[in-house]
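Hi,

Here is the structure I promised to pass on. Please open it first, then read my notes below.

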Amino acid sequence: MITRRKYFILVALVVAVLSYFTYDAMQGAAVYYLTVTEAVGQNSDQETVVRVNGTLVQESFIRGDDRIESYFDVTDDMSTIKAHFSGVLPDLFFNENSQLVLEGSFDGGSVFQVQNILVKCPSKYVAEEETSSA
């Protein structure tokens with residue numbers, strides 16, 4: 001009887017510890033997902049890393065002289081933010097209609113310092129119209 005109780009306590013303790021570590025890991029990995037308009041209202045917090053979803057503004061892309069630095073604007077049709085990224089851009093980035101998810105934080109000003117860029121896969125495909133020959 002005592003052995004069974006010790007076994008049950010040991011299993012409960014192991015489950016509790018694993019649950020705590022899982023919860024702690026998930027809290028550290030959680031990143032908020034905002035629209036551009038929501039991010040503009042929150043741009044004063046430099047410590048918080050957020051994900052911002054928006055569309056690349058046409059003709060706003062500027063690459064620095066070193067070919068690593070990139071500056072561009074992202075919009076949600078209501079608000080626009082200026083973004084800065086230092087690194088290699090995804091191949092599909094230059095599409096004028098690119099849907100982007102930017103992960104980063106605002107600097108002291110109003111520029112969003114991007115740490116990671118995700119380019120959304122287009123979800124709208126138009127089927128080719130069938131032509132009927134009668």
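How many residues lie between strand 6 and strand 7 in their hairpin? There are 4 residues between them. Strands here are DSSP runs of E, at least two residues long, numbered from the N terminus.

A word on the source. This is a predicted model, so local features need pLDDT of at least 70 and side-chain atom pairs count only at pLDDT 80 or more, while totals for chains, interfaces and linings use all residues. Residues are numbered from 1 along each chain as its sequence is written, and side-chain values use heavy atoms, with hydrogens and water left out.

**Strand pairing**

Two strands pair if DSSP finds at least two bridges between them. Strand 6 (residues 99-106) runs antiparallel to strand 7, with 7 bridges joining them. Phe 106 has Phe 112 in strand 7 as its bridge partner. Strand 5 (residues 80-86) runs parallel to strand 7 (residues 111-119), and 4 bridges join that pair. Phe 85 is partnered by Val 114 of strand 7.

**Salt bridges**

The count is 2 salt bridges (a side-chain nitrogen of Lys or Arg within 4 Å of a carboxyl oxygen of Asp or Glu). One joins Arg 51 to Glu 103, with the closest N and O atoms 3.2 Å apart. Arg 51 lies in strand 2 (residues 50-56) and Glu 103 in strand 6, so this pair ties together parts 52 residues apart in sequence.

Lys 82 and Asp 73 also form a salt bridge, at 3.7 Å from N to O.

**Burial**

Buried means under 20% relative accessible area, exposed over 50%, and partly exposed in between (1.4 Å probe, protein chains only). Glu 103 is buried at 16%. Arg 51 is partly exposed at 30%. Asp 73 is buried at 17%.

Best wishes
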